[in-house]
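Hi,

Here is the structure I promised to pass on. Have a look at it first, and then read on for what turned up.

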Amino acid sequence: FLNCFYIMGKIAQGILGGLSGKVGNIVGGSWKGIDYIRIKPSSVANPRTEGQVNQRNKFTITLEYLQATKDFIKIGYKSFATKKTEFNAAMSYVLNNAVGGIAPNFTIDYSLALLSRGSLSGVLNGTTDLATAGQVSFDWDDNSAEGNANVTDKAMVLVYNPSKKESISILDGADRTVGSQVVTIPNTYAGDTVELFMAFVSADGTQVSNSVYLGSGTAA
């Protein structure tokens with residue numbers, strides 16, 4: 001009977017404990033202190049059905065967007081990283097709320113694709129200016145006396161370049177009362193369309209506002 005089966009995993013604390021590794025088509029492990037098991041499918045009859053292709057296309061464009069903005073997300077989704085990463089929380093939100101278009105040509109609606117989510121008072125009358133070569137200027141009105149805003153809240157600003165699948169951001173920028181922040185961008189961005197975002201984070205990093213999409217423009 002010794003050669004009847006081969007076990008690649010182990011079960012801690014008896015049969016009801018956590019499974020680590022693989023036993024047959026059952027895979028177990030631990031992530032963020034949470035034990036899990038899942039059944040690995042033996043085969044997929046048609047891995048390229050229309051529904052599966054559409055879902056992969058949605059996943060791909062969302063992944064590209066969020067990978068390019070992951071530093072911003074790490075702060076912006078901090079309060080949603082319970083039993084999941086900030087990136088996974090953002091991925092779930094954007095997939096469910098900001099992917100549109102007609103299959104198979106899906107698009108991201110940047111006005112809905114929040115890079116930061118929180119209850120801190122947000123950006124008031126945010127604007128941008130791309131007239132100067134190699135930089136983007138962000139401007140806003142001081143609303144530090146309203147809601148739960150503070151004079152020490154820091155601007156978080158981001159310039160996303162979809163064609164290059166990368167972004168430039170400042171995550172600890174000017175105080176809310178200052179009303180402006182300049183971002184230096186690479187010369188290689190000249191002529192590219194860039195998407196512009198802004199939010200606020202409290203000085204101690206514990207609170208963030210919802211991000212706002214300030215539109216797109218052509219980098220000078």
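Why is β9 largely enclosed by the rest of the structure? Keep in mind that this is a predicted model. Seven of the eight residues of β9 are buried, so the strand is largely enclosed.

Now to the sheet that β9 sits in. It is an open sheet of four strands, in the order β10-β9-β12-β13, and the pairing is antiparallel. At the edges are β10 (166-170) and β13 (212-218), each of which pairs on one side only. From one strand to the next, the twist averages 20 degrees. There is a helix on this sheet too: α1 packs on it and touches β9, β10 and β12, with its direction at about 130 degrees to that of β9.

If you want to trace the pairing of β9 residue by residue, start with β10. These two strands pair in the antiparallel sense over five bridges. Valine 157 stands opposite isoleucine 170 in β10, and valine 159 has isoleucine 168 as its bridge partner there. The hairpin that β9 and β10 form has four residues between the strands, and in it lysine 165 takes a positive phi near 55 degrees. With β12, β9 pairs over seven bridges, again in the antiparallel sense. Here alanine 155 has phenylalanine 200 in β12 as its bridge partner.

Next, the inside. The largest nonpolar core has 26 residues, and Tyr65, Leu66 and Leu115 are those with the most contacts inside it. At least two residues of this core come from each of α1, α2, α3, β6, β9 (154-161) and β12 (193-201). α3 gives the largest share, five residues. Apart from this core lies another, of 19 residues, including Ala155, Val159, Val183 and Leu196.

Setting aside neighbours within four places in sequence, tyrosine 65 is in contact with Val94, Ile108, Tyr110, Ala113, Leu115, Tyr160 and Phe197.

Last, α3 itself. This helix covers residues 86-97, so to speak your next stop, and its 12 residues reach 16 Å from first C-alpha to last, close to the 16 Å expected. Its buried residues are Glu86, Ala89, Ala90, Met91, Tyr93 and Val94. They pack against α1 (50-68), α2 (70-76), β5 (99-102) and β6 (105-108).

Over to you!

Note on methods
Residues are numbered from 1 along each chain as its sequence is written. This is a predicted model: local features need pLDDT of at least 70, side-chain atom pairs count only at pLDDT 80 or more; totals for chains, interfaces and linings use all residues. Side-chain values use heavy atoms; hydrogens and water are left out. The expected span of a helix is 1.5 Å times one less than its number of residues. Buried means under 20% relative accessible area, exposed over 50%, partly exposed in between (1.4 Å probe, protein chains only). Contact means heavy atoms within 4.5 Å. A nonpolar core is a set of buried Ala, Val, Leu, Ile, Met, Phe, Trp, Tyr and Cys residues joined through side-chain atoms within 4.5 Å. Two strands pair if DSSP finds at least two bridges between them. Axes are lines fitted to C-alpha atoms, for helices over the stretch in contact, and angles run from 0 to 180 degrees between N-to-C directions.
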